[in-house]
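Please look over the model shown here.

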Amino acid sequence: MRDIMAKKAKKQNHSNRIAENRKARFDYFIEETFEAGLVLEGWEIKSLRAGKVQINESYILFKNNEAWLFGALITPLITASSHQAHDPLRTRKLLMHRRQIDRMMGQVDQKGYTVVSLNLHWHQGRVKIDIGLAKGKKLHDKRATEKERDWNRDKQRILKSFG
């Protein structure tokens, strides 16, 4: 019974995903992840519900002890209000605890980490973003990751053909 409930919860979590930055896990070693809220406008929420968002080129910077999301593209819907100027690439403030921001700022300043966005998802009716404290991969690390992924795919094919 628990297995069935766990599968349902897992499946439900996947349906809550709005957008994912697959490039981040390929380009970086993700050391630690954090969940943050986003300050959004009404038209942005409607666009998120319609799936008009890209976070592949987005990153997080710290200004005045606050975290800001840069480079996330939220395309306004055609039906959006014309009374307001809509900027699809505007910087959006992240809502996080002071301790988390201080910890990340320390890691970025002292150890040379980068903070990247991993995915956008719904959590209890609110938009949340998973961000990762990351170290950049070298070219040989990327090749090793690609070889490992290809080997796992081939291994699954072999096991499937014999099983």
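The text starts with the chain as a whole and then turns to single residues.

**Overall fold**

This is a predicted model. The protein chain holds five helices and nine strands. Along the sequence, their order is α-β-α-β-α-β-β-β-β-β-α-β-β-α. The chain has 163 residues, and 29% of them are buried. Take the contacts between residues at least 6 apart in sequence: 69% of these join residues at least 24 apart.

**The largest pocket**

Rolling a probe the size of a water molecule over the atoms shows where empty space is left. H2 gives the most, with three residues. By class, the lining has four nonpolar, four polar and three charged residues.

**Asp27**

Is Asp27 buried or exposed? The cut-off for buried is under 20% relative accessible area. Asp27 has 18% relative accessibility, so Asp27 counts as buried. Leaving aside residues up to four places away in sequence, Asp27 touches Gly136, Lys137 and Lys142.

**The aromatic pair**

A pair of aromatic rings is described by the distance of the centres and the angle of the planes. A search of the whole structure finds one such pair. The rings of Tyr59 and Phe70 have centres 5.7 Å apart and planes at 10°, so the pair is stacked. This pair links distant parts of the chain, with Tyr59 in strand S4 (residues 59–63) and Phe70 in strand S5 (residues 66–70). The two residues are 11 residues apart. How do the partners stand in accessibility? Tyr59 is partly exposed, at 37% relative accessible area. Phe70 counts as buried, at 14%.

**A charge over a ring**

Lys135 has its charged end over the ring of Tyr113. The distance from the ring centre is 4.9 Å.

**Accessibility at a glance**

The table collects the values for the residues discussed above.

| Residue | Relative accessibility | Class |
|---|---|---|
| Asp27 | 18% | buried |
| Tyr59 | 37% | partly exposed |
| Phe70 | 14% | buried |

Methods
Residues numbered from 1 in each chain as written. Predicted model: local features only at pLDDT ≥ 70, side-chain atom pairs only at ≥ 80, totals over all residues. Heavy atoms only, no water. Buried < 20%, exposed > 50% of the residue type's maximum accessible area, 1.4 Å probe, protein only. Contact = heavy atoms within 4.5 Å. Phe/Tyr/Trp six-rings, centres within 6.5 Å; stacked < 30°, edge-to-face > 60°. Helix = DSSP H or I, 4+ residues; strand = E, 2+ residues; numbered from the N terminus. Lys NZ or Arg CZ within 6 Å of the ring centre and 35° of its normal. Nonpolar A, V, L, I, M, F, W, Y, C, P; charged D, E, K, R; others polar.
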